[in-house]
Structures are given as structure tokens and as C-alpha cells.
Amino acid sequence: MSEFKTEGAELKKLVKLARNKALSFAFCPATDADALFSLHRRKKPAILGKILRKESKQTKVAFGTVTAEGKTLTLACEKLVPGLAKKLKKYFRLQKLSLKVTVLDAGGQEVAG
């Protein structure tokens, strides 16, 4: 179990905090139960991504900053993985958190999917 994995009550608390300031995130997709998502107040996104990649033993990882407005979570990604929005929605449903996910690339353009 990862010390940086964010889930349950801690995830809900950090999403509320993301309404006030941008937080760093990293997401390492795997099978539904093994996916790793991390939100952190102070660590840089690239560092979180490197940690999650090492812990999950996966090659793909997405990282950047996240902000929340209402029930919409906006991810400004420094690095993307294909189908990020869909995979994160599924992860949040498993965590009993209903959020809309908007993904932006490094240039600030919205990414489909």
C-alpha cells in the first residue's frame, strides 16, 4: 500500500481543499483495484508521478495540478495518459465520489475522453 495513495475520506477532504488552491496530482492507471491516485499539498507533480510509477511498476503515469469548482475537477496535466478522464471517473466512482472530470493538456487545451 502506498503512503501517497489518496482514497476515501482523505480524498474527499483534499478535493474540498482543491476548491481554494491548486494541488499536485499523479495518477497511474492499472486494473480498477490497482490504480493509484495521489493528491498532495506540497510535493511537486513530477515527484508524485515518479513515486507512483515506481510503486505501481507501471510505465504510464499522468501528473499535473488539479482544481475543483462545484462537482467539476479540472486537471491541468504536464504529462497525459490516454483515456485519463474516463479512467479517473471510474476510479472516483469506486471511491464513492461523483465528480465530473475535465482534462487540460500542457497548453491549456481541453482533451477529449
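Trainee: Why is Lys16 called exposed?
Mentor: Its relative accessibility is 58%. Exposed means over 50% relative accessible area, buried under 20%, partly exposed in between (1.4 Å probe, protein chains only). So Lys16 counts as exposed.

Trainee: What should I know about the model itself?
Mentor: It is predicted: local features need pLDDT of at least 70, side-chain atom pairs count only at pLDDT 80 or more, and totals for chains, interfaces and linings use all residues. Residues are numbered from 1 along each chain as its sequence is written, and side-chain values use heavy atoms, without hydrogens and water.

Trainee: Why is Gln95 called buried?
Mentor: Its relative accessible area is 18%. The limit for buried is under 20%, so Gln95 is buried.

Trainee: Where is Gln95, and which residues is Gln95 in contact with?
Mentor: Gln95 sits in the loop between α3 (84-94) and β5 (100-104). Leaving aside neighbours within four places in sequence, Gln95 is in contact (heavy atoms within 4.5 Å) with Glu7, Gly8, Leu11 and Lys12.

Trainee: What makes Lys5 and Glu7 a salt bridge?
Mentor: Their closest N and O atoms are 3.8 Å apart. A salt bridge needs a side-chain nitrogen of Lys or Arg within 4 Å of a carboxyl oxygen of Asp or Glu. The pair therefore qualifies. A search of the whole structure finds one salt bridge.

Conventions: Helix = DSSP H or I, 4+ residues; strand = E, 2+ residues; numbered from the N terminus.
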